Structures are given as structure tokens and as C-alpha cells.
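Try each task first, then follow the solution step by step.

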Amino acid sequence: MSDTDTDIDPITLEILHNGLRSVTDESYIAITKAAYSTNIKERRDHSTAIMDRTGRLIVQAENSLPIHLASMLGLMECLLAKFPLAEVEEGDIFVANDPYQAGGTHLPDVNLAMPIFAEGRLLGFVCNLAHHADIGGMAPGSMAGGMSEIYQEGLRIPVVKLFRRGELVQDMLDILLLNVRVPEERRGDYYAQIAACRLGARRMAELVERHGPDRLEAAFEMILERTEARLRSAILEIPDGTYAFQDVLDNDGMGTSDIPIAVTVTISGDDARFDFAGTGPQVRGNVNVTMNATQSAVYYTLKGMLDPDIPNNHGLIRSVEITAPAGTIVNANFPSAVAGRANTSQRIIDVLIGALAQALPEAAVGAANGANTTAVFFGEDPRGGGSYLYLETLGGGFGGRATKDGKDGVQVHITNTSNLPVEAIEMEYPLMVESYGLIPDSGGAGTYRGGMGLRRVIRPLGHETVFSGMGERFRHHPWGIFGGEAGGTGRFALRGANGAEEALDDKPSGVRFGPDQAVVVETPGAGGYGPPEARDSTALAADRRGGKFTEDYMARHYPATGDGE
Amino acid sequence: MAWVIGVDVGGTFTDFHAYDDASGRTHVHKTPSTPDDPARAVLAGLETLAAAEDIDLADVARLSHGTTVATNALIQGRGKRVALVTTQGFRDLLEIGRQIRPHMFDFQKDYPPPLVPREFRLEAAERVLADGSVYRALEEGEITRVVEAVRESGAASVAICFLFAFVNPAHERMLRDALQAALPALEISISSDVQPEFREYERLSTTVLNAYLQPVMTGYVSAFESGLARRAPSASLGINQSAGGLMSPARARELPIRTALSGPAAGAVGAIHAAGLAGEANVVTLDMGGTSADVCMIRQGRAEMTFERWIEGYPARVASVDINAVGAGGGSIAWFARDGLMKVGPRSAGAAPGPACYGQGGTEPTVTDANLALGRLSPAGLLGGGMAMDIAAARASLAPAAERLGLSVERTAEGVIGIVVANMVRALRAISVERGHDPRDFVLLPFGGAGALHASDVARALGVGRFVVPPAPGILCAKGLVVSDLSESFVASSLTALKPENEGEIAVVLADLAARAEAWFAAEAVPAAARELRVTLDMRYIGQNYELGVEIGAADAAAPGVAALSAHFFAAHELSYGYHNPEDPIEIVNFRARAVGRLERPPEPEIAPAADPAAPVASHRPVIFADGVAHEAEVIERTALRPGHEVAGPAVIEQLDATTLLHPGDRLRVDEALNLIVEVGT
């Protein structure tokens, strides 16, 4: 196998591609294992990737979150714009998070990139991203609502060097750590990301040694070509036409309600165009989305509806055309706030599915819980041990499908992070989880019903805690499809000593309460698929038997089939 | 005269390995499995073996059994109705799990449905807090109510899992006692007995799996015991556990979840034994069969253990040998994805229709077809196997792929093998990195029907320099059962900061584990000299939520101090993650002990060495290794090999249950235990 041999047959390409995937797999595992924070270790809110020297994504680890794809691409674009190649040196590690200066999607997602050199020349980068549980700013967890500018959301990091030729830039790390809550934990997470960069670079060096840089570069290009061909062949099977859909976000938490998100999809042969004209202007609240996050939502939807196993790389990106007017909520300008962008991304995906459902009914699903319901608790641990910060995001319903019910109580679409065990929460934080279950009647009726939302009740023990949250689809129900009905909405409430629940805002910030009260978090369900009257009698019997639906609900939503069961 | 017999029930075959410690005689036997009633094949096979080899079954002292009863029951959904009782407010936890989807992008993929439907998931008003204190007592009236509800459910077994029962099991025990008194026929699994450790969902899932399997295992073991008693009245029965090591039939009825990986764990024990005889302590096993390959890392002569497993789509926390399955086997099918690239597996042609060359109706190209087309497998089929292979059919199955690629059939066949090897290597790498190892520091030990055939390719791609093929790679699991010891695992979950003032508390927990182990040794009548107790602590930095299992050596009277424990942890952290921070505070999450009662191991028979290192060559045939070039390879019968024989590749070593391939440049020698030791050429 000679170094200059760049003629790669498809078999060798598959084997090389496997070798590259191995690099991202291993770096991904390295972060999971070495990180300190639960957000990364248990919830796997991180990603790893290999980029080529022009910043194109070649391989992303399989378990990576779809939304992370965007900020890695954005980072590379900004890195290459800012640093001339002569200033990118062996042993450097770059760090960045800013959505406007460094291509990020929100500040807690911290990106690292390390260049890989072969025979003295830049071959590409290994990158990774981890969602840090706090990046400073106004509210603990850096995810709360009520902010109107990015400056309030946390520390903004442009693309800078954290390592210079293998040496840690201590001053930089000092700045990074001074600006965040619980800095010891953040330091552990940075170390995990650094270790993953180094492991990735080491493994890339081994691949270079084995195959030679020319062959690898040729493989990079071929991988992208193959992926593009794969996606285009799937698009070709979509009937030509123009498909439009629109939905609204509840609000931005800062006075703007019913924010429209609209898309028009045009399919022509193997070309697909997505135009978000008609979407509302960017808002003061933190639910704005930068263009690269909107692109992520499009790639996610295409994979989900066409070919779930298609690799994530630049081949996907160059196969479709995506446009959105600048200054809208899906293509926000500086300095709008973006921390809650996952909620908007979920809604963009619902809208995309709604549009493509007209062309691909078998692959479509009812609207999902459309949120990334977030709950953050911050306080002083009365058992000693200083202040604590606990952030969780809750799943909800996943829409009904063409041949089966939706999923109950899961993270949907753009995110798939796991919950934290109740026993872990209570061992680590002075909090008690009183209950955790599915919400009856929350899955929209249908031939195949929508999934159910989750209800979780949390009480502080022996102290006062400060609660902040972020909810969506608290007013606008997740819609059903092809005759399926809408699912339930979510809500936050404060339960008093007498058991009465007092509703909280859907984007509450700084709610202080003590041990005689508890926060109730309820997440939205999802929409059903197909008309309820076509629902199978066995399924109806199971809905009743398990108590997932009340008799009253069944009588109202399945009247034709209600008797005799 | 006493026989020890290992019986491994696999999906396709039931394998026997019999050894007589008086005469040194060894016999192996293979018979088709009977999945509807696995005991039938075992008992009938035992009689056939006895008749054929003139064994008096009355002389069988021990029968060690690897069983797939548990996994089969899950696959076939044969379990009976299970009821579940959780802490009030948490009956949906079984269904919610970790609130994740099994595939990020696939709208249609789901986890299997919960084993207990919602109407049989009950709640009890009770609550224990993290420190073990009772926040809400489980009252008499509540117990009565729950007992009635369980009775009404008509369940054959019940799982009980309360929050923090691993810290304070009192409520679980109260309810268990009440249920036992009221419903004597009911089988009961409580989480504080099944797996008393932290993280409620995994503990719950494990407890429910156990309850689901209890009636199945009870039925199977009872029938098996009586059938065995009629045929071999002096044989003591041991059931192999997922962690390796045998347990009594009574224990298997209580904790059937521990048998979920019974067979593969026996393979690891057999591999450790074979590697030990070959003088190798650090080994990666590659058990490659028809549909998948199992991989396990053995370090310092011991298999790595894990406490996290997925069993047929359900998570389980149970001590098991850390075996990982890779979707790559002889039957794996080559196909084209939309991107025009060829993929191999995970879909497999299985036993039916099987690879195209079996002539049983298969038309898609498989790994076996590719091996045959390249001459790596004998057209006569496995030696003595009696099943000829159809080369024309193999080539015909590969032809469409070759045409699509614009390559020759031979190059396409090389590609199929290259890709299946790349898949295995990627999985092997991920597994080793996850455990903090570099696979290049290990020796490869292939077994199963297809392991030795691909060992040289895998070793090359991994950068491993040597592989060892045991004498009977096709029945290594049954051999492993013969050399298995008795064992039992204990765990105590107690979050304890590692600081000097807690040394007393740590000593108390360790002493309690040791006492439980002593009681077990006594109950199993393990003689003092044969007892071994090893302690592992799950430790982490405070703030981390992921523990490292840190082995702190044999447990004895003197509990180790904080300094020694920290040093163990630092070393483990360094190994797994490449760094450690000596200043950061550490805590212990779980205390684990594994008690082993060493059983007398049959000595290895001595075999006369070869007079001449040149191995007898049976024939020659052309074999393609790389770049489409055929080499005239020596074909050697394994049975003709003696200690000291040497072979230089290209060569093919054929035997009843496997084929070993030597690439040009590979060098083989046979050791005293008849292992093939192969140095991989460069």
C-alpha cells in the first residue's frame, strides 16, 4: 500500500471510513468516562468529530446529538477565518462557544478543536463539544429564560487557543473557570475534553502512518461524495412538488407570543430546497436560533424520514439548499439571546415533518412534545458542602406513527439525553423527588395515539431552593396528523402545603421556595396519527386497562368505540 | 474413577466435554439442541455419550451446566405474569427508564415493551431517604392492601423495588414476608436481595427480569435435577453464572438473572484456562460463530467484569464477564447501502437458509461464501463434518456484488472478509479503549466455529502480534465448564467519602461482606484451602457520576487504609482515563466481594512431543490471501499435530470443529497443551 496511491476502491473506502469512525467513537467514550459532570457522563450531552483542513465535517461520532453538528461546523468556519494556517500549530487546542463569533448555537456548548498534522502539513482537526452545566451569566445553569441579550447568558468565548504547541495557556483556563459556577467540576470537564482531543489526534496519527495522508484526504472527499449520493437518491424518491407548513412557538418569555415558524419545501428531482420565509422576526427572549442550528434541524428531519443511518458529514450539508431571512427567529442576528434554542429547534422539526408529511405520509409522525423542558435548582446545601446547581431536561410524548403508537415519556428529536436517577439526585442534592410518572390523557387520540407527557414533583429538604425553568407547548398543543388529535400541553406549578397547585409562568426565573412547597413539572404529550375511530379495539382495551387514559377521556375521544370495552 | 462433565447448551448445538480424573480420558460430544425443552438434548446426549464411550453414569461426580434458558424465555416471551410493587409515585419508572430513544434518528425503533404491563404495576405508600432514614413508614394497613392487590393480579411472581432499599431494605423485607405468608406459591424478587445497589431504574429492571425468570428457571432446574438424579445419582449439579463460576440449583432458582450469560461466560473461563496453559496472561478472546462474535478482555489471567448489561433489550445490573457481541459471523450477509458501498452484517443468513454454499436455499453472499471462494475453507466442508460445500453456489452468490463493484469475484470475496474484519476491529478497539487498554498489548485467542479462520486478519488489522488457538475451539465453552469453580458475588452500596475518619466505617462494611462470604463458604462446604475472596470497590471523584471498579486485592482481616485505597484508585483512573488528580476528594459507591470456592481441576493429560518439528502435510490447495494471488498452501490435519510441531504459512489447519488459517509469513508452533501458537507475519 503506497502513500501516493489515492485510487481507492469502494471496499478500501469502507474499511478506511470504519477506521475514522473508530477515532470518533473512542474520543466520544473518552469524554463520557472522564468528565466530572452528570450532564456529560450520564446524560451524554457531548459529541466528537473529525474535520478536514477546510473545515468540512468528515465523520461525527454515532451517538452525537444532531444539534451539535451545527456548532462544530460553525466553529471550524470561524477558526479558519480567524487564524491564518501558519498560526495553526501542532499541539494547539482551540476553545470556543460563542454563537456570533465562533459559530456556536448556545453558550453552554463548549467546543474544542485540535489540528492534526501529517508530514508537516495540516490534515484536519479532531473536534469535540460538551454541554457544560454552567457557563456563568445571570442564572445558574445558564439556560433560564428572562434574558434579552447574549451577554446575560454567560461567558462568551471567541475562538482562542487553550493550548499553544502542547503547552496549556493557564491564563485562558483561569478566565474560563473564574466565570462559571462550580469551577472544580468545569475543570474536570475541560480535562475530559482535552484528553479526548489528544486521544483523537493520536489515533489519527496511527491512521496516517498506516494509510498515508494523501490516501486519507482522498478518502475524505469520497466519503462526502458517497453520502451526498446516498441522500440525493433518497430525495429522488420524494414526489416533486412544493410543501408548506407553519406552526407557532408559545412565547419568548419576554413579551412576544405566538411566534410563527414557517417552511416551504420544494422537491425537484434529487434537489431539495428549504425556505423559512414567513417565519417571525427574532425576539428579545432566549429562544432565537442561529442559522447553523436551523440547518441541523433540517438534516435531522431528512435522516429521520428518509434514511436514519446515513452518516453525518458535509455530504449531507451540500446536498440541500436552506434559506432563511436574516433577523428571523431561525436565523438570528447578534446579539440576540439563544440559550433556549433547543425548544425552537424542536418546533422547526415539527414544522418540517408537517410539510414533508404531505409527500411522505408513511414516514411522518404527529407533533412531538416540541420542547426541551428544562428545570434548574440552585441553592445552599444545608448539609454543608456549599452551593449546588442541578439542571435537568425532561422528555415527553413522541408523535403517533403510521403503524404504531408514539413513544411515552422520551426525549424527542433534537435531543436524547437521559434523566438522572432519583437516587443520584437525592444523594447529591438536598432535594426530594416525590413522584415521576406518565400523565394520564396526555397522548393525543388517533388510530395510533401520541405519546404521553411526564410529571415530576420535586421538593427541597431543609432549605430554600431557587427554581428556574423553560417550557414550550404549554399553550399550543402538539398537533395530530391525518386526523389524529392533539396531545396535552405542559405546565409548571408550585404546590403548597395544602396540596393546592399554583401555576407558574412557562419560563419562570428565580422562583424561591422552601420545604413545605414543591415544584410540579409537567411536560407536553404528543399528537396522534390517523382518525381515532380507526383505532384497534385491543389497543383501546389496553389504554383503559392500564389507566393511561381515563374513562371520561375515552368516552369523549373514542365515542364510537367506547361501549362494551 | 470419577467423571466431570461440562454441558453447554447453545442456540444450535449442545456440547459436552467429559473428563475422568482417574484415567485421564477425555471425550467430547455434540448434539443438536432442543430449544423447546433444552433438558431433553442434555439428558439424551449424556446417554449417547455414555454408551459411545463406555462411561458408567453412576461414576459422574459433577455436572457443570451452561444454560440459555433465561435468554430464551425472554426472546420467546415465555415468562408468566409478573406483578410489580414500587414506592408510591414511581410505578411508571419501569416504562420511562432513562427517557431515551434507542436510536437518535430512527422514528420507528423502540425498546421492547415493559415486562410488567401498567395494570400490574402497584404502588406502596412508603419512603426511605438517601441516608436510610424512614420518611414515610410502610404501615400494616398498606401492607394488607398491597398483598390483596397482588393476589388479585393473579401473578406467578412479584418484583418489589423501593427507593433507597439498597441502603435500608426494611420495607422491602416487610412486604416480602407478608406476601410469603399470604401467598406461599408466589415467587418473590426484592431489589435489596437481587442487586442491592444505587440507581433505581437499573435495579428495578434487574429485579423485574429476575422475577420474570423465576418461574421459568424453577421449572427447568427441577425437571433437570430429577432427570439427572435418575441417570447419574452421584452427580452434583452446578449452574454456570454470567460472572463465571458455578452456583447451586437452589441459588439459580432464586437468582435466575445471574445465568443470562451462562454459556459465553463459560467460554471466557475456557479461554483463560487455555491461555494459562499457553503461558499467556493478557488475552482478547474472539468467539466467532454463525451470526455474531463475542469479545472479552482477559488481564492478568482474569476476565474483566462488568455490572452493566443489556439482556434482550432490557438493562440489568448483574455481575458478568465483560463480553460484548459484535454483529459479525460466518453467516453475515454482504449488501449494498444507498451510498453504493458494500457493508457486511449485522443481518445473518443464520442456520436457515445459511450461506449460499450450504445449498439450503441461501442466495445472498456471506462471509462463509467468501472464505470458500478464496480457498480458505475446504470445499469438503469441516473435517468429518460430512457436509460438502458448493463452491459454484458461493461464487454465484458473490457475482452480482463483483459486477456492481467492477471487481473480480476473488477481490470481492477479499472485500467481504476485509469489511467483516474491519467491523470486528472497530468494535474491539472501542471495547478496549472503554476499558483503558491498548489491544496491541494483548494476545488474540480465537474460538467458536469461525474465530481461528479470521484470527490472522483480525490480529493484523489490530496490530496484535500473536494468536493462540485452543485444542477444541468449537467446544471451548463446555471445556470451560469442566474447569469452572464455585462462586458467589456480594455487594453493599454505601456512599462513603474516602477520608481517614471513615476508615472505621469502611472496615465495618468490608467485614460484613467477608462475614457473608464466610457463611456462603460454610454452606457450600468449601474447604479452607480452596477459599478465595476478592474485593472490588466502585470508586469515583466526588462530583463524578460514573464509578471505576477498583480491585483492592484479596480481603483479609486488616482493612486497607485511605492512602492505600487512594493509590489503587489513582492507578485505575490513570489506566482508564489517562490522568488523575491527587488532590480531588474520592468516594466509594459500592463495595463488592467475589467469593470463589476452587474445585479440584482435572490435570492436563501429558502428550508425547513430536519427534520431528516438521508437521505432517495432508495435501496442498490454492488459497487466496491478498490481492487476488493464489498461494499453494499446506493443508494439515489438527489431529496429527503434536507438541513441538512447526508450520510456516501459507497453510490451513483443519479439524472437526474449526479451521485455522496461516497467512504467508505467519509461523505456528504447537505447545505442550496442543495449543497452536501463531506469530503473525508482518
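The C-alpha centres of domain 1 of chain A and domain 2 of chain A lie 33 Å apart, with domain bounds that come from an automatic or database domain assignment. This is a predicted model in which local features need pLDDT of at least 70, side-chain atom pairs count only at pLDDT 80 or more, and totals for chains, interfaces and linings use all residues. Residues are numbered from 1 along each chain as its sequence is written, while chains are lettered from A and ligands numbered from 1 in the order in which they are written.

**Exercise 1. Describe how the two domains of chain A meet.**

Step 1: find the bounds. Domain 1 of chain A covers 10-229 and domain 2 covers 365-565.

Step 2: look at the contacts (C-beta atoms, placed from the backbone, within 7 Å). Domain 1 of chain A brings 20 residues into contact with 16 residues of domain 2 of chain A.

Step 3: look at the domain 1 side. Here α2 (38-41) and α3 (66-82) of chain A each give at least two residues; helices (H or I, at least four residues) and strands (E, at least two) are DSSP runs, numbered from the N terminus.

Step 4: sort that side by class. It has nine nonpolar, five polar and six charged residues, where Ala, Val, Leu, Ile, Met, Phe, Trp, Tyr, Cys and Pro count as nonpolar, Asp, Glu, Lys and Arg as charged, and the others, Gly among them, as polar.

**Exercise 2. Work out how α5(A) and α6(A) are placed against each other.**

Step 1: recall the description. Two packed helices are described by the angle between their axes and the distance between the axes.

Step 2: apply it. The axes of α5 (183-211) and α6 (213-236) of chain A come within 7 Å and cross at roughly 110 degrees; axes are lines fitted to C-alpha atoms, for helices over the stretch in contact, and angles run from 0 to 180 degrees between N-to-C directions.

Step 3: name the arrangement. α5(A) is therefore roughly perpendicular to α6(A) (under 35 degrees is roughly parallel, over 145 roughly antiparallel, 65 to 115 roughly perpendicular, and the rest oblique).

Step 4: list the residues. A:Leu207, A:Val208 and A:His211 of α5(A) make the contact with A:Pro213, A:Arg215 and A:Leu216 of α6(A).

**Exercise 3. Which element gives the largest share of the side of chain B that touches chain A?**

Step 1: count the contacts. Chain B places 57 residues in contact with 62 residues of chain A.

Step 2: list the elements of chain B that give two or more residues: α3 (93-96), α7 (200-231), α12 (409-434) and α16 (562-577).

Step 3: pick the largest share. That is α12(B), with ten residues.

Step 4: see what else α12(B) packs on. Helix α11 (391-405) of chain B meets α12(B) at about 95 degrees, with axes 8 Å apart, which means that α11(B) is roughly perpendicular to α12(B).
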